[in-house]
Amino acid sequence: MNDTPGWTSPGSAPSDGQDGSGIPRPASPGDANGSAPQWSKEQPPAGQWQSPTAPGADAPPQTPARAHSGGGWGAPPPYGHWGPPPAAKPGVLPLRPLTLGDILDGAATTMRRYWQTVLAISLSVAVVAQLADILSVRFLAPEPVAIDPDATPAEALSQSVASLKNALAESGPSYVVMIAAGLICSALLTVVMSRAVLGRPVTLGDAWRDARSRLLQLLGITVLVIAASVAIMFVGILPGLLLGGSAGDALAFVGGLCAFVAVVWLTIALSLASPALMLERQGVVKAMKRSMKLVQGSWWRIFGITLLTNVMVAVFTMLVAIPFVIAATAASGSGLDSFMEGSVPETGWTFLIIMGIGGVITSALTYPLTSGVTVLLYIDQRIRREALDLELARAAGLHGYGG
């Protein structure tokens, strides 16, 4: 990260199997004079601690409480106040290993503190993605395939293939646009988070200048992850499809389930590749290897935080979408009775526009949260493994931090 704002190269802080000589660490108590500190043999009697006075002064013995009021030896701190001092916080998060609350609060604080830049990024991307989705549904959606409940197995397979082709024709272009929009949003918001951690200002132009040179490589990571996931699922269900019959269906189900578990593991293992690519200026393959190294040993923790974030996003999206679905159905002329019966005019302009507005609102608010959590998970793993907090403190101008 030599050419990112204030971050040093990850080579100065090895991940594993190295001695970490490039990481500054606090000196031991004996480093100052070459030996460990020694207690004096002459100690005052119990209960006779005295306030420091000038040589020769005749000061009466004081109890700790009296000495505290007189400016000498102080009373011990009240219960619950022992412990290390709070970590420095130059930006949106404390420079120490992060908790779940720190990660969520850091993402939310970034959205509040840099709301102009964050909203400009997420809102622009959300509008483009929703426009592509509306146009795709309106003009590219083919006629639905008629499903015959009495079809033979061969006819049922043919109907399933035709339905899959229609779904790809309908959602394929909008899905591609949404992937591209998500990549741009993730890249720009990663830059914003890297500045927010240091407490530095950032504009949309700054984020674009830092991120644009990495977009193609970020696209490469996304394509590789998607291709690997599709290949794993295909290999998992292929034996069952070739076998056929009830035994083949059971085998396909078991194989698909195992393949799904493998896809989830791979997705989490590579979840930190995007911030590693953006902030460390590594190549595609090196960024993916870097992500797997950082996730190693913390897979379940990262999986849990990622899952919780996605559940929160899904619940928020559902809560926002429900009133827009009701309003769109009522405004399209079908009335609420058709909504209750499940008959929704999915290709009407009124319905699509109102639903698109709801999609823009949810996307503009959820893009920064998901991207921020991913970046903060990356930072947290580097703090835990490589003492990145010391490098961030130096970059923020906190001289002597950790010494």
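## A salt bridge between Asp-102 and Arg-96

In this predicted model, the side chains of Asp-102 and Arg-96 meet in a salt bridge with an N to O distance of 2.7 Å, the term denoting a side-chain nitrogen of Lys or Arg within 4 Å of a carboxyl oxygen of Asp or Glu. Asp-102 is buried, at a relative accessible area of 14%, whereas Arg-96 is partly exposed, at 32%; buried means under 20% relative accessible area, exposed over 50%, and partly exposed in between, with a 1.4 Å probe and protein chains only.

Residues are numbered from 1 along each chain as its sequence is written. Local features need pLDDT of at least 70 and side-chain atom pairs count only at pLDDT 80 or more, while totals for chains, interfaces and linings use all residues, and side-chain values use heavy atoms, with hydrogens and water left out.

## Salt bridges within helices

The structure holds nine salt bridges, and one of them joins Asp-206 to Arg-209, whose closest N and O atoms are 2.3 Å apart. Both residues lie in helix 5 (residues 204-211), three residues apart, which is about one turn of the helix; helices are DSSP runs of H or I with at least four residues, strands are runs of E with at least two, and both are numbered from the N terminus.

Glu-386 and Arg-382 also meet through their side chains in a salt bridge, at 2.7 Å from N to O. They are four residues apart in helix 12 (residues 349-386), and so are separated by about one helical turn.

## The largest cavity

The lining of the largest cavity includes Ala-107, Met-193 and Gly-372, and helix 2 (100-113), helix 4 (153-198) and helix 12 each supply at least two of its residues. A cavity here is a set of points on a 1 Å grid over the protein atoms alone where a 1.4 Å probe fits but cannot get out, and lining residues have an atom within 4 Å of a point.

## The chain overall

The protein chain has 13 helices and zero strands, and of its 403 residues 36% count as buried. Among contacts with a separation of 6 or more, residues 24 or more positions apart account for 70%, a contact meaning heavy atoms within 4.5 Å.

Technical notes
On a 1 Å grid over the protein atoms alone, a cavity is a set of points where a 1.4 Å probe fits but cannot get out, and a pocket is an open set with protein on both sides within 12 Å along at least five of seven lines; lining residues have an atom within 4 Å of a point.
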